[in-house]
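Work through the exercises below with the sequence and the structure at hand, and try each task before reading its solution.

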Amino acid sequence: MSAVLEGHTTDHHHGPAKGLWRWVLTTNHKDIGTLYLWFSFAMFLFGGTMAFVIRAELFQPGMQIVDPNFFNQMTTMHGLVMVFGAVMPAFVGLANWMVPMMVGAPDMAMPRMNNWSFWILPFAFAMLSSTLFMEGGGPNFGWTFYAPLSTTYAPPSTVLFILSVHMMGISSIMGAINIIATVLNLRAPGMTLMKMPLFVWTWLITAFLLIAVMPVLAGVVTMMLMDISFGTSFFSAAGGGDPVLFQHVFWFFGHPEVYIMILPAFGVVSAIIPAFARKPLFGYTSMVYATASIAFLSFIVWAHHMFTVGMPITGELYFMYATMLIAVPTGVKVFNWITTMFKGALTFETPMLFAVAFVILFTIGGFSGLMLAIAPADFQYHDTYFVVAHFHYVLVPGAIFGIMAGVYYWLPKWTGYMYDETMGKVHFWLSFIGMNLAFFPMHFTGLAGMPRRIPDYALQFANFNMISSVGAFLFGFTQLLFLFIVIKCIMGGKKASAKPWEGAEGLEWMLPSPAPYHTFTTPPDVK
Amino acid sequence: MAMDSSVKKTTLKLVLLTLTMFGFGFAMVPLYDVFCEVTGINGKTNNTPYQYQTEKVTIDKSRTVTIQFVTNNNDKMGWDFYPKTTELKVHPGQLESVVFFAHNPSEQAMVAQAIPSITPFDAADYLHKTECFCFNQQRLTSGEKVDMPMRFVIDQALPKHIKKLTLSYTLFDVTPSHSN
Ligand SMILES: [Cu+2]
């Protein structure tokens, strides 16, 4: 880690404090970005370990390793930890590191609040994880925690689950407010909105999504808490409430949430593809508008998760067509990325490999999403492994490959050293093979009718499940290689120049590598 | 570092937005109920008695509608609960009466609440109950049996395409000690 501190600083500010307290008390956006990224990686391994339990149990039909209740806790916690602990904090980490540098700001707008938004997270997840060891176990109702499973039939630890969701929500909202305040108020003179890198744009829009829907999530868990502890009946039909209402409120949060996890990845990929194609991004303006349209549409399609609850036909049709409409702005983006690569002087260093895989595999996930959007067909796919295949295709080679692409791309800027290119490529190919092996067969088991969230299955699904498990183990263990590559890069290696990527654009590459502890204390000139 | 005023202003607006959206989450509850009631989606019927005025109502003898009665027990609810008539042919406008039977076979007194639902959903607005055991909670002592009346009228304005409708009741155990 100390490698980050080396290199001369161009201003007269003091460097970071020494020792552990530096990390506890820091208000420096780069330190906090680093904290977020390490925390996210730790959660990635934790959530991955739970995926290992799931895949080990599903390696063969029959009950072998864990009891069904524990299996349900694993699927629930895997989802919660990956969504709220791994993917979201990783993007906040990237934003902390890069947004101030990209807009020419000295730091985030509210550095002290920034410290708070990070340090809430370890406590939230410590509390959430501790429920696994409590009587009755941890949350076992799926990451979507549908009532009444999460109210009437929930384990006693659910109150702690609710508290931890509140803490995660507060952390995300504070982070989002900070990012918006930074982007809107701290841009260097001349950095107009339409000159901002797409990563900043996508994060600005994501931050608005967070502020719009995280409070709704807080609302829905508060209603749960009131149903559990204070005898209200928001979701209990006996008292005049309605369990379907839970699903409406949850998915009003839940659908925008999936874009919260993908829009920043769009931004990362939009930085990397032009750099390695050595061409400017095709259709910058349309990219901005497409992102904004996706964000807007995300608020009016939520019930496509609920086609089987017994909606009237007009509702089914509306949510079906509205959902399909999202394919239009998303298609614009994919078209722009491909056109950027077209006739470019392409090279395939590790960040580019991840970015290209992102475009291809995310599109596959988008297509299965279109299939799921077709209401009558969804009656077959609903709650099967086809859904699991779909959202893992948009989240693993989507969100996670986007994060990894960004880490490789900016690692030289952070550490001052080049990572090991050969090992990076090995990491990419093993991840690519592993994740496809794990998730592609799930399309078939799902179409054949294997339900999700079950510890045992019919014999006919045995072969595909075994392949999935092998792929999952390959993907999981490969991530230890990623850890090794990153640590190796921090420890040293080939010195990175200020701009190690020939085609890279943006203010961050004007700074020396590693980026000094304080940057842009005097705003840069933006042409 | 002192926060400059533009940052303060932005933050204030965003905090307000956050609070508004938290409120909106709760506002979805009444909005959802209003939406369901107005559109009749969800088969929700009115749970207050309908005022039937004989002199204003004409009975549409030219039309016959079949109404079926279905009962379910929720989860571990142990009562016997069934309609004494399972199917009835009625003329719109005519006041009809049926009886549901309930028996508490358990060792303790229990309180139950019946929740109605109608299919098809677009018929929900046209079934008016002048009297129903579902308007109130039902308390039965151990072993007690009861005949519970339900009086209703089907509106003459019932859409022409609806020839058969199903009224279902789900019985919930709401005995105070099981208040989870
Ligand atoms: Cu959705």
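**Exercise 1.** Which residues lie nearest the centre of the second largest cavity, and how many residues line this cavity?

*Solution.* This is a predicted model, in which local features need pLDDT of at least 70 and side-chain atom pairs count only at pLDDT 80 or more, while totals for chains, interfaces and linings use all residues. Residues are numbered from 1 along each chain as its sequence is written, chains are lettered from A and ligands numbered from 1 in written order, and side-chain values use heavy atoms, without hydrogens and water. A cavity is a set of points, on a 1 Å grid over the protein atoms alone, where a 1.4 Å probe fits but cannot get out, and its lining residues have an atom within 4 Å of a point. The second largest cavity is lined by 16 residues, and those nearest its centre are Phe84(A), Met88(A), Pro89(A), Val92(A) and Ser172(A).

**Exercise 2.** State the volume of the largest cavity and name the residues closest to its centre.

*Solution.* The volume, meaning the space filled by probe spheres set on grid points joined across faces, edges and corners, is about 380 Å³ for the largest cavity. Of its 22 lining residues, Leu37(A), Trp38(A), Phe41(A), Val407(A) and Val486(A) are the closest to the centre.

**Exercise 3.** Find which helix (a DSSP run of H or I, at least four residues, numbered from the N terminus) gives the most to each lining.

*Solution.* For the largest cavity, α14(A) gives the most, with 7 residues. For the second largest cavity, the largest share, 5 residues, comes from α3(A).

How values were computed: On a 1 Å grid over the protein atoms alone, a cavity is a set of points where a 1.4 Å probe fits but cannot get out, and a pocket is an open set with protein on both sides within 12 Å along at least five of seven lines; lining residues have an atom within 4 Å of a point. Helices (H or I, at least four residues) and strands (E, at least two) are DSSP runs, numbered from the N terminus.
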